[in-house]
Amino acid sequence: MKKKLKFNACVGGILTGGMLLFILTGIFFLPYDPDAMNAELRFAGMSLAHPLGCDNYGRDILTRMLVGSRTTLLVALGTIVVGGGVGTLVGALTGYFGGWLDEVMMRVIDALFAFPSILLALVVVSLLGAGKYNVILALGIAFIPSFARVVRSQYLKLKEMDYVKNARIIGCGHFRIIFVHILPNTLSVLVPTLMIGFNNAVLAEAGMSYLGIGVQPPDASLGRMLSEAQTYLFAHPLQAISPGFAIVLLVLGFSLLADAMEEKGCRC
Amino acid sequence: MKYVGRKILTMLFTLLLVSFLVFLCFTVIPGDPAIARLGTDATPEAIEMLREEMGLNRPFLVRYADWLLSFARGNFGDSYSYSMSVADLLLDKVPITLAMSLMSIAMIVVISIPLGLYTARHEGSVIDKLIYALNQVIMAVPPFFSGILITLLFGIFLKLFTPGGYVSYTTDVTGFLGYLFFPSIAIALPKIAMTVKLLRSELIEEKKQDYARTAYSRGNHTGGVLYKHVLKNAMLPIITFLGMAFTDMIAGSIVVEQVFSIPGIGRILLTSISRRDYPVVMAVVVCLAAVVIVVNGVIDIIYQWIDPRIRLEGEKS
């Protein structure tokens, strides 16, 4: 069991590190202009100048992947900050204080939970319009319920612990107990949840951009590249496969890391 | 019975809340439906008349109650862009999405239970490790990408189906199901991987319990104990998981319908969003949410029927 755990963490770490390095490279160095079209290079195959070839507009696919995965990372991180932040806050307050606030919030969370997250995001986008920041907001709202539930159940359990009662006796305020005493103890559950949430955000963003209601051009996005490439799937499968694999590698790395962490958290 | 009654009441309340949230969202958005219908160069009098006719000038809660009552009667209003009633528009799309979801659920149950049993029984073997690795990879592939890969492999290289060649169920039922088979795989794949993983860990956990040891010590066969005693207990969390997975599968089918160009509920939802055809969007969203709520509620009820401890605990508190 221990060996497999290490193997998980290793492969996950390498994949995640590789993808992060790939995205970081894209921030500082782009081999070509991601939007420069070139009719001569239309559907160019693999070559030294264009390692993954060119797409239907003659744009370099590798360059577009560098830019697209950066957008994907930005949206996923933004989603985690919005959804995880608000969700944790709601879960912590309702779980700790309980009472009528808890009842009301949980009913609202239940109602939100009835929407598949992509459907909820679709509703928000249909109200606000598409675009990078609206997608962050939409997915963020869609992800609040899952975080709130996990954090709430932790607070319900932890607020009965002796150290919380001790802190009360010493005279700590409620907010100090919530954020300084209890919050660090939820991390073993919160961090894997955040990582799984990150993965779901990557997948949801890619799905929405694929449907054309996520990130809008000229912003490149992995999901959008896939939907553009699908038209030419028959003749040029590579154009679809490369951005798809970038998504898979990013998600796989994170899920292996989350798995390794969860197993570690279970043991102690 | 008390439990079931309370469960149904909670479900109804959640449904009410969902419909209220949706109605609120689509009312506060900027943009006047009357102007949208008449165009921006209509005279203010004409707009005012249409507003009166559409009932837009009444108080918010009155409009909500009105909408809810007609919704409950199956009257979803009229579509802005198709000039037909929303109910008619959606009715012939429902079987398509339904058939796809049912096929995926069937695949999940048929494939993941034997695999889960096998991996739990041969824990630590090479095949177990291989399946673990495969599960992790499959979970990372979004349904639309696996849809594209399936199109590439089965549609273009092996020519088992024609990509984009959707057959309507009114003309040819076998062709219809045959075409939906591949999108269903794309929807089911990640869920199969998750179910196998969950079932394996549940089975291994249950296998260590005292009752399993007792069953072994009385001379029962390893497989027999696993199938007759352990599987029953390990299935409980799986049923809950499948209920939650159902939610994701509805979402997945919206995307996968687009990959395989299937004119189902997802397609109509997307075109309605881009055309700002809000009655259709509202109807689809509320109906899908209702399906999810009802499915999860029914699963909760089944669950307490299988495991009476949950009911007793609920009545105590």
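**Exercise 1. The order of elements in chain B**

Task: Work out which elements chain B of this predicted model has, and in what order.

Solution. 
- Step 1. Read from the N terminus. The elements of chain B run α-α-α-α-α-α-α-α-α-α-α-α-α-α.
- Step 2. Count by type. Chain B has 14 helices and zero strands. Here helices (H or I, at least four residues) and strands (E, at least two) are DSSP runs, numbered from the N terminus.
- Step 3. Residues are numbered from 1 along each chain as its sequence is written, while chains are lettered from A and ligands numbered from 1 in the order in which they are written. Since the model is predicted, local features need pLDDT of at least 70 and side-chain atom pairs count only at pLDDT 80 or more, whereas totals for chains, interfaces and linings use all residues.

**Exercise 2. Confidence**

Task: What are the mean pLDDT of chain B and the scores of the model?

Solution. 
- Step 1. Take pLDDT, the predictor's confidence in each residue, from 0 to 100. Its mean over chain B is 81. Of the residues in chain B, 93% reach 70 or more.
- Step 2. Keep a caution in mind. Where pLDDT is low, predicted coordinates should not be read in detail.

**Exercise 3. Two chains side by side**

Task: Describe chain A and chain B by elements, box, burial and contacts.

Solution. 
- Step 1. Elements. Chain A has nine helices and zero strands. Along the sequence, its pattern is α-α-α-α-α-α-α-α-α.
- Step 2. Box along the principal axes. The C-alpha atoms of chain A fill roughly 75 × 50 × 30 Å. For chain B the box is roughly 85 × 60 × 30 Å.
- Step 3. Burial. A residue is buried if 20 or more other C-beta atoms lie within 10 Å of its own, exposed if 12 or fewer, and partly exposed in between, with C-beta atoms placed from the backbone. Chain A has 268 residues, and 50% count as buried. Chain B has 317 residues, and 34% are buried.
- Step 4. Contacts. Two residues are in contact if their C-beta atoms, placed from the backbone, lie within 7 Å. Take contacts in chain B between residues at least 6 apart in sequence: 71% join residues at least 24 apart. In chain A, residues 24 or more positions apart account for 71% of the contacts with a separation of 6 or more.

**Exercise 4. Where the chains meet**

Task: Which elements of chain B give two or more residues to the side that touches chain A?

Solution. 
- Step 1. Count the residues. In chain B, 34 residues are in contact with 33 residues of chain A.
- Step 2. List the elements. Those giving two or more residues are helix 1 (2–28), helix 7 (126–140), helix 8 (143–157), helix 11 (222–259), helix 12 (265–274) and helix 13 (278–306) of chain B.
- Step 3. Find the largest share. Helix 11 of chain B gives it, with seven residues.
- Step 4. Sort by class. Ala, Val, Leu, Ile, Met, Phe, Trp, Tyr, Cys and Pro count as nonpolar, Asp, Glu, Lys and Arg as charged, and the others, Gly among them, as polar. This side of chain B has 28 nonpolar, five polar and one charged residues.

**Exercise 5. Helix 11 and its surroundings**

Task: At what angle do helix 11 and helix 12 of chain B pack?

Solution. 
- Step 1. Read the geometry. The angle is about 90°, and the axes of helix 11 and helix 12 of chain B are 7 Å apart. Axes are lines fitted to C-alpha atoms, for helices over the stretch in contact, and angles run from 0 to 180 degrees between N-to-C directions.
- Step 2. Name the angle. Helix 11 of chain B is therefore roughly perpendicular to helix 12 of chain B. The cut-offs are under 35 degrees for roughly parallel, over 145 for roughly antiparallel, 65 to 115 for roughly perpendicular, and oblique for the rest.
- Step 3. Find the residues. Ser253(B), Ile254(B), Glu257(B) and Gln258(B) in helix 11 meet Gly266(B), Arg267(B), Leu269(B) and Leu270(B) in helix 12 of chain B. They divide into three nonpolar, three polar and two charged.
- Step 4. Look at the loop. Ser261(B) sits between helix 11 and helix 12 of chain B. Ser261(B) has a positive phi of about 40°, although it is not a glycine.

**Exercise 6. Buried or partly exposed?**

Task: Is Leu242(B) buried or partly exposed, and what about Thr10(B)?

Solution. 
- Step 1. Leu242(B) is in helix 11 of chain B. Leu242(B) is buried, because 21 other C-beta atoms lie within 10 Å.
- Step 2. Thr10(B) is in helix 1 of chain B. Thr10(B) is partly exposed, because the count within 10 Å is 15 other C-beta atoms.
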